[in-house]
Amino acid sequence: MAPPSSSINHISNPCVYGDFVSSYAERKSRFMKWLSKLFKSTGSNRGGGGGSTSGRHHPQILGEESMVWPAPRRSLDDRSRADREKEELDQAIALSLAEDLKRPNGQRWRSNTDEDYAWALQDSQLNPSYPPYDPSHYYPRSYKVCGGCNCDIGYGNYLGCMGTYFHPNCFRCRSCGYPITEHEFSLSGKDPYHKSCFKELTHPKCEVCHQYIPTNGAGLIEYRCHPFWAQKYCPSHEHDHTSRCCSCERLESWNTRYYSLEDGRSLCLECMESAIMDTGDCQPLYHAIRDYYEGMNMKLDQQIPMLLVERQALNEAIVGEKNGYHHMPETRGLCLSEEQTVTSILRRPRIGGNRLVGMRTQPQKLTRKCEVTAILVLYGLPRLLTGAILAHELMHGWLRLKGYRNLNPEVEEGICQVLSYMWLESEVLPDYRNMPSTSSASTSSSSSKKGGKSEVEKKLGEFFMHQIAHDASPAYGQGFRTANAAVNKYGLRRTLEHIRLTGNFPL
């Protein structure tokens with residue numbers, strides 16, 4: 001037999017383990033052994049020192065140069081020692097946690113995010129071997145940012161509203177800019193308002209009494225509004241004797257005073273600026289409008305007298321007139337064809353406070369020399385309205401002088417309103433030139449202009465045009481719209497010729 005090798009050979013027989021069932025004492029012992037191995041700086045010699053085994057031992061062979069030691073038994077698990085120790089550590093930790101759950105609440109270990117954060121900071125400061133700890137932005141659950149100044153609210157007082165937070169001094173009214181300290185406020189979109197400020201912005205105020213317009217029985221805000229001036233006012237002012245301007249139709253505000261004419265009408269300050277008060281003052285305007293007709297190739301061959309009169313004198317003249325259609329509820333001009341005695345205004349009244357007093361009148365006998373006896377116009381109206389009335393009544397005179405007989409009211413009043421509208425248009429729009437298709441004459445009426453008109457007077461002219469265009473009466477309103485459409489389509493001259501031949505507008 002060959003001599004054995006001088007090295008030690010570890011011979012092990014296979015050992016098969018059954019189900020691994022270990023007690024708590026065994027797991028604890030194994031965990032303690034693992035900890036002992038972890039903290040020891042040096043390990044024991046795993047090759048020497050026979051530990052007790054549960055299997056049989058091979059007999060030692062004496063007298064030989066080599067000795068055979070019984071090898072430790074190995075399991076069928078071929079995993080490395082490190083893997084087995086890691087598994088044992090996991091089992092030990094799981095066991096420790098299970099034991100901790102069995103303890104009362106007051107004895108359990110606590111884990112808190114804030115404490116972990118504090119320990120991490122402490123470890124980073126005490127251990128110089130690690131790089132300095134640079135924490136990211138950390139916001140506790142109570143962190144709040146002001147929606148007004150976008151700054152941290154901190155630990156002071158704050159307001160919570162609309163899903164955000166505010167410093168008390170940062171929650172401000174969108175309108176006045178002052179802090180909102182009341183328990184109730186108004187909200188428009190995302191903008192807060194004091195209730196009083198919001199009402200000031202949204203609740204309409206009466207432009208007569210300057211109070212908030214009250215609600216009706218149904219809880220709705222009900223008010224009246226002028227279609228042109230957009231003046232809003234309480235419905236009660238239509239019946240409480242509030243003065244209304246006889247020219248522009250606006251109601252008198254409580255902080256202004258209208259002028260009272262001697263015939264009971266009222267006149268606002270803006271209309272008063274250009275009001276024509278007596279017959280002498282109206283003569284230049286009257287002759288300028290006659291020139292306007294002449295420029296349209298519609299010259300008036302007869303000299304027709306023109307008088308400014310009071311309301312009563314005009315109404316009396318209407319009663320004595322057999323022919324004609326009159327605008328209701330109030331007529332402000334008349335083309336007279338009968339002989340009458342009419343009281344005209346000889347001298348304009350003077351202003352006494354808010355009243356016009358001292359007007360001097362004179363009766364005048366009107367005799368008929370042609371188809372037209374005179375033209376009467378209500379006094380105290382602004383220049384543009386007076387001119388529009390004159391243009392209307394002069395067209396009546398032109399039709400009668402030219403032999404247009406027995407026209408129905410819609411045709412006669414409609415075409416007269418067209419001439420009135422055209423004259424206003426030439427005054428309000430200085431660059432406007434109306435050129436009918438059969439006429440090359442300009443409608444410029446520069447001779448009737450008393451210098452440049454103010455914006456107030458232009459606005460009044462636009463209102464008088466609006467009145468003509470939106471008149472609801474069949475003769476004056478619908479008659480104008482039909483006549484104006486015919487003139488725009490065929491021209492003034494062809495429209496007038498068609499009326500003379502057929503008594504109707506061309507289609």
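Reply: First, a definition: the expected span of a helix is 1.5 Å times one less than its number of residues. Helices (H or I, at least four residues) and strands (E, at least two) are DSSP runs, numbered from the N terminus. This is a predicted model: local features need pLDDT of at least 70, side-chain atom pairs count only at pLDDT 80 or more, and totals for chains, interfaces and linings use all residues. Residues are numbered from 1 along each chain as its sequence is written, and side-chain values use heavy atoms, with hydrogens and water left out.

Me: What span should helix 9 have, and how far apart are its end C-alpha atoms?

Reply: Helix 9 covers residues 409-428, which is 20 residues.

Me: How many residues of helix 9 are buried?

Reply: Buried means under 20% relative accessible area, exposed over 50%, partly exposed in between (1.4 Å probe, protein chains only). Helix 9 is mostly covered. Of its 20 residues, the buried ones number 18.

Me: Which residue forms a salt bridge with lysine 402?

Reply: A salt bridge is a side-chain nitrogen of Lys or Arg within 4 Å of a carboxyl oxygen of Asp or Glu. Here the closest N and O atoms are 3.6 Å apart. The partner of lysine 402 is aspartate 301.

Me: Is aspartate 301 buried or exposed?

Reply: Its relative accessibility is 56%. Therefore aspartate 301 counts as exposed.
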